[in-house]
2 protein chains.
Amino acid sequence: MNAPTSRRSGGRAARRASRAAPLSQDIRPVRAGLEGGTYKPLSERDMQRIHETALDAMEQIGFADAPQSGIDYMTAVGAEFGNDGRIRIPRALVEDSLAMACKDITLPGRDPQFDLRLSGNRVHFGTAGAAVHMVDVDGKEYRDSTLQDLHDAARITQQLDNIHFLQRPMVARDILDNKEMDLNTIYACCAGTTKHIGTSFTDPSFVPDALEMLHMIAGGEDKWRERPFVSNSNCFVVPPMKFATESCEVMEACIHGGMPVLLLSAGMAGATAPSTIAGAIVQAVAECLAGIVYVNAVKPGHPAIFGTWPFGLDLRTGAMTGGSGEQALLTAGCAQMHKFYGIPGGAAAGIADSKLPDMQAGWEQMCSNVMAGLSGLNMVYEAAGMHASLLGFCHESLILGDDIIGQALRCVRGIEVDDETLALDQIKEVCLGGTGHYLGTDATLSRMQKDHVYPTFGDRTSPKEWAELDKPDLIEKVVRRKEEILAERAAARFDPMLDQQLRSRFNIHLPA
Amino acid sequence: MNAPTSRRSGGRAARRASRAAPLSQDIRPVRAGLEGGTYKPLSERDMQRIHETALDAMEQIGFADAPQSGIDYMTAVGAEFGNDGRIRIPRALVEDSLAMACKDITLPGRDPQFDLRLSGNRVHFGTAGAAVHMVDVDGKEYRDSTLQDLHDAARITQQLDNIHFLQRPMVARDILDNKEMDLNTIYACCAGTTKHIGTSFTDPSFVPDALEMLHMIAGGEDKWRERPFVSNSNCFVVPPMKFATESCEVMEACIHGGMPVLLLSAGMAGATAPSTIAGAIVQAVAECLAGIVYVNAVKPGHPAIFGTWPFGLDLRTGAMTGGSGEQALLTAGCAQMHKFYGIPGGAAAGIADSKLPDMQAGWEQMCSNVMAGLSGLNMVYEAAGMHASLLGFCHESLILGDDIIGQALRCVRGIEVDDETLALDQIKEVCLGGTGHYLGTDATLSRMQKDHVYPTFGDRTSPKEWAELDKPDLIEKVVRRKEEILAERAAARFDPMLDQQLRSRFNIHLPA
């Protein structure tokens, strides 16, 4: 069980050299959009029961606090507005809305190579959240997160193959005016990455200016509408079973502006959702189905992601926890329900409760990320960088997330079974033909790159090599890589003329 | 998405107090033998193809290097011994052997509460391996592992709910005589834990003395045979497709002595097995099926675990790697094949390539452990404490493994869907009845212990609480716990009279 001692040094050197060259897209072992779905925590009957219970909840309990515009949209298509101020949604309306809902959503990147095609079991990982702290790994400190931190997260994301999109992971707390914060958030993200971006708006009245900025970046409204590279992460409900009045108005404005919407239901199991995993999923499904009804009442077929994001709670303290097995199950169960409806969906995974990138953070981030991937979740949000149960974001952890998610994606890719991989001929040749091992076979060498994910920071040296290398510290290596990335010129930086236009039209807080 | 600010301090104190009491077995959220199986990396067709290819390999390639006794046993039941010295096994013989093979294996603990009942998708986690180093976390050093280290690992295992068995994880390198090493290994393990133990023997001639020791510990041969609390981890093949002559003789001696056998095929994908996941599984399955034929030719129905343990290799260097996604897939795919045959099986998971219990170790150990559990692997070996691709064992990591595996087991337990967990009535009551949240509901409080796994060392404090606690370091906390456990009297220590008898009969290196 020890490492084999027979090594063919010539072959090793050749392999190392060939490995040093960057891999072209077609032979990369993992990529965005690999198909998951081999992990199914719910049976068909379980899913049917969750669906039926969600329909009961929509019909019998309904939703409070819809804005007047939403009441008008939804009652026009068949929802009932009750004397108790709740919108109740009959089953037939849910079915009609599902029938017209967008089933294949493309979330464009500003660079088309980063387009995300959401359907079936295709899996994509990215950031998200609203952390209020930045984790300073060197000083083991939590400090307020800033616009520069956000921009840096975008720049780092641009460099990481396995972080497929950037939803705003933290709040620019150095900008006190909400409108300026929302607009600068878009600027800081877009100036840092050409991958798809997700963001929120505090107030519906901020949306027109945001759209103006996006039109300028896109090179015109038509170009923006053709490839909307920013989507609206929208907490349209306040669980349990209440619409978030202003967020709904934001949503309507975004729909009219051609921006894809993430229908985000972020209940906390045990506080704002039932404590049971099944119950929390039922409520999240009911809420997101209401969102589908709402969106399709405003504009049939508008791209809307089914964002069932139930979070876990530590019932001993009432505090949120995102690093648990219960969280991983909540997320994977939701992914199966998205498939049940055939609607692209997203949920949260990869959250660490740990305050720092330590062993706990490693096991927490892997557990839910790999289970989300295996369940075929289309959009895995919060997948990298998140600590302290979403309160802190960490650039070093984001970079390590690329290794974690690379490994999770390898698991999602799964086991290929065909004549070549079953390898009977190769076994025969090796055993009966002579060499007795597979190290040098063509089959082994030809697949060494396209089958295997090699970690960038994960250390695989032997104890002896490790000691000779002076026992490299994982976090120190990552700090150096972060500094390297941030010392380079941002890859997504705007054209200087566009940048000048943006800066004269908007109060951009990021230094030019 | 932040932690809820409304907390009911009275309820919180009550919950904290009730939580401080130890949980009785029946309401523990997780336990040994939970049923996995919701994750299926292989389709039915994939399994059928792997099976057919393995049968082809057994029939067409066969196995070299069987001892004469093994040749005699196997040819007597229908295997063919060829001119090239290889034993070839026809399909019909495989089918006959599978029909008579033991399908429900109980691996007893010395204490019956730790009995492991292997069947179906029941999952158990434990240690294993043959590490030659002990990881000194304080000094970041790798040093030779000793008998005391092994005994300490046994004592720690005894205290950890989620480590269900102790297979010898490291080699007592301070004992130079192989026979004394093997006998002292049994002594050191049994004196440390009353859980089921797995061990190896260097030479068949050592087995009689080992059995004598076990008879003494059990209180007689009949008592030993009734409840064989030690099993033989047996590398009966040297992949590819060769019997390990001496290990086979050890196996025969163990079978005659009533000791359950782990049929361990430990190929390395890319070196001693095909580099493809499917091919490595094919070869491991063929080898373990040969083991099943062998065991059942010696003694029909003797308990033998299907130990397909293919390991991963870093093809850039030819060195073993166990922390990869490929490893997790190898193990999960094997678990499905065990189910295909209806034979209890085991494989390796939880291996870290990292040298220390850092973030890398966390993500590596969780990835394969949770996937092994979800795939319904009966025996998850190497699940805790293993570093440096199996070269180093770490007591601190073993203790943290209890948290990791507790979380993995919560995932294995899965999502219960019934009227109570679907919670429609509760949602109605909360939304329409008034309180608007679930924190205080009977349903929430009644399930807070039996539904939720709370980590022992995993930290869930807020950044503020964490700072007030002076930023506790995960590893420092675990070092203290290790010292606490090792300062206590060993829970499994032998009765003084028995100990004296063992010490006068055998040269026990462990201080009395």
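Contact here means heavy atoms within 4.5 Å. The structure shown is a predicted model.

View 1. With residues up to four places away in sequence left out, Ala253(A) touches Val207(A) and Leu211(A). Phe206(A) lies 47 residues from Ala253(A) in sequence, and their C-alpha atoms are 9.5 Å apart. Ala253(A) counts as partly exposed because its relative accessibility is 21%, whereas buried means under 20%.

**View 2. An open sheet of 4 strands in chain A.** The strands follow the order β8-β7-β19-β18, and their pairing is mixed. At the edges are β8 (141–144) and β18 (386–387), each of which pairs on one side only. The pairing of β18(A) with strand β19 (residues 392–393) is antiparallel and extends over 2 bridges. In one of these strands, β19(A), Gly392(A) is the bridge partner of His387(A).

**View 3. Packing of helices α7 and α19 in chain B.** Helix α7 (residues 207–218) packs against helix α19 (residues 496–505) at an angle of about 165 degrees, and the two axes are 10 Å apart. The helices α7(B) and α19(B) are therefore roughly antiparallel, as angles over 145 degrees count as such. The crossing of α7(B) with α19(B) is right-handed. From α7(B), Asp209(B), Glu212(B), Met213(B), Met216(B) and Ile217(B) take part in the contact, meeting Leu498(B), Gln501(B), Leu502(B) and Arg505(B) of α19(B). Classified by residue type, this contact between α7(B) and α19(B) comprises 5 nonpolar, 1 polar and 3 charged residues.

Terms used:
Residues numbered from 1 in each chain as written. Chains lettered and ligands numbered in written order. Predicted model: local features only at pLDDT ≥ 70, side-chain atom pairs only at ≥ 80, totals over all residues. Heavy atoms only, no water. Buried < 20%, exposed > 50% of the residue type's maximum accessible area, 1.4 Å probe, protein only. Pairing = 2+ DSSP bridges. Axes fitted to C-alpha atoms, helices over the stretch in contact; angles between N-to-C directions. Parallel < 35°, antiparallel > 145°, perpendicular 65-115°, else oblique. Left-handed = near helix turned anticlockwise from the far one by under 90°. Nonpolar A, V, L, I, M, F, W, Y, C, P; charged D, E, K, R; others polar.
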